[in-house]
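Please find below a short note on this entry, to be read alongside the coordinates.

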Amino acid sequence: CEATVTVVDETAPVIECIGEPELTTISHNTDDVITGANTVACSPTADNKFGKHFVLADFGVTDEFTISSGRFGVTAADAAFDATVNIWDVSAGFPAGHPGTSTLLGSQVVNVPLGSDGSIINYTFATPVVVATGINSILVEVTNEDGVVSFFPGGTIDEADDSWLYSEACGLTEYVTAASIGFPDAHYYITVSGSTGAVAPP
């Protein structure tokens with residue numbers, strides 16, 4: 001940083017330059033290569049909700065955490081559409097009890113352009129999502145509920161924890177793992193990034 005200092009006594013001033021906060025990325029994916037085989041949707045035009053459940057301590061997050069941005073993969077989308085990303089506090093339990101015992105912390109509508117097949121969508125939260133101290137786990141949820149656009153989320157070859165799917169149209173009235181319905185290779189690419197301490201809105 002740059003600063004002009006005028007000394008009016010014999011005490012030397014202390015100048016501290018504070019830069020951008022260090023970002024922590026929360027992800028279960030072992031790489032960022034989107035493949036065509038590592039996904040599943042319960043009818044691509046149904047009321048799909050795709051989720052990743054993150055225990056924050058697994059990523060060294062034990063204090064207030066402010067989520068400022070995120071990424072999710074696209075395997076295929078046959079038209080442009082708006083997805084919604086939701087951040088839930090699921091400290092009271094997941095999947096049992098959700099959403100009744102969960103708290104929605106924040107959301108962001110994200111446009112997915114036509115031609116996004118095989119790519120990763122980057123987005124920023126217009127209002128950063130504050131995850132308060134004491135919240136120990138979150139659900140990051142990507143939804144496509146317009147019932148028109150065919151959308152398969154992007155996945156990667158491997159992951160460190162389960163991918164989750166919800167769809168009332170297919171009888172999945174509670175989140176289930178992709179593996180539990182016969183798709184163990186579905187590894188949704190859903191990540192968020194943030195920092196400890198306060199972050200001003202962009």
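1. The model is predicted, and every value here is computed from it.

2. Ile138 belongs to strand β7, which spans residues 137-144. Its relative accessibility is 0%. Because the cut-off for buried is under 20% relative accessible area, Ile138 counts as buried.

3. Which residues does Ile138 touch, leaving out those up to four places away in sequence? The contacts are Lys52, His53, Phe54, Leu56, Ile67, Ile87, Trp88, Val90 and Val131.

4. Aromatic pairs number nine in the structure. Among them is Tyr123 with Phe125, an edge-to-face pair with 5.4 Å centre to centre and 70° between the planes. The planes count as edge-to-face because their angle is over 60 degrees. Tyr123 and Phe125 are both buried.

5. Tyr166 and Tyr175 make up another aromatic pair, at 5.7 Å centre to centre. With 45° between the planes, this pair is tilted. Are the two residues buried or exposed? Tyr166 has a relative accessible area of 14% and so is buried. Tyr175, at 3%, is buried as well.

6. Phe50, Phe81, Phe151 and Tyr188 are joined into a cluster by ring pairs.

Key. Residues are numbered from 1 along each chain as its sequence is written. This is a predicted model: local features need pLDDT of at least 70, side-chain atom pairs count only at pLDDT 80 or more; totals for chains, interfaces and linings use all residues. Side-chain values use heavy atoms; hydrogens and water are left out. Helices (H or I, at least four residues) and strands (E, at least two) are DSSP runs, numbered from the N terminus. Buried means under 20% relative accessible area, exposed over 50%, partly exposed in between (1.4 Å probe, protein chains only). Contact means heavy atoms within 4.5 Å. Rings of Phe, Tyr and Trp (its six-membered ring) pair if their centres lie within 6.5 Å; planes under 30 degrees apart count as stacked, over 60 as edge-to-face and the rest as tilted.
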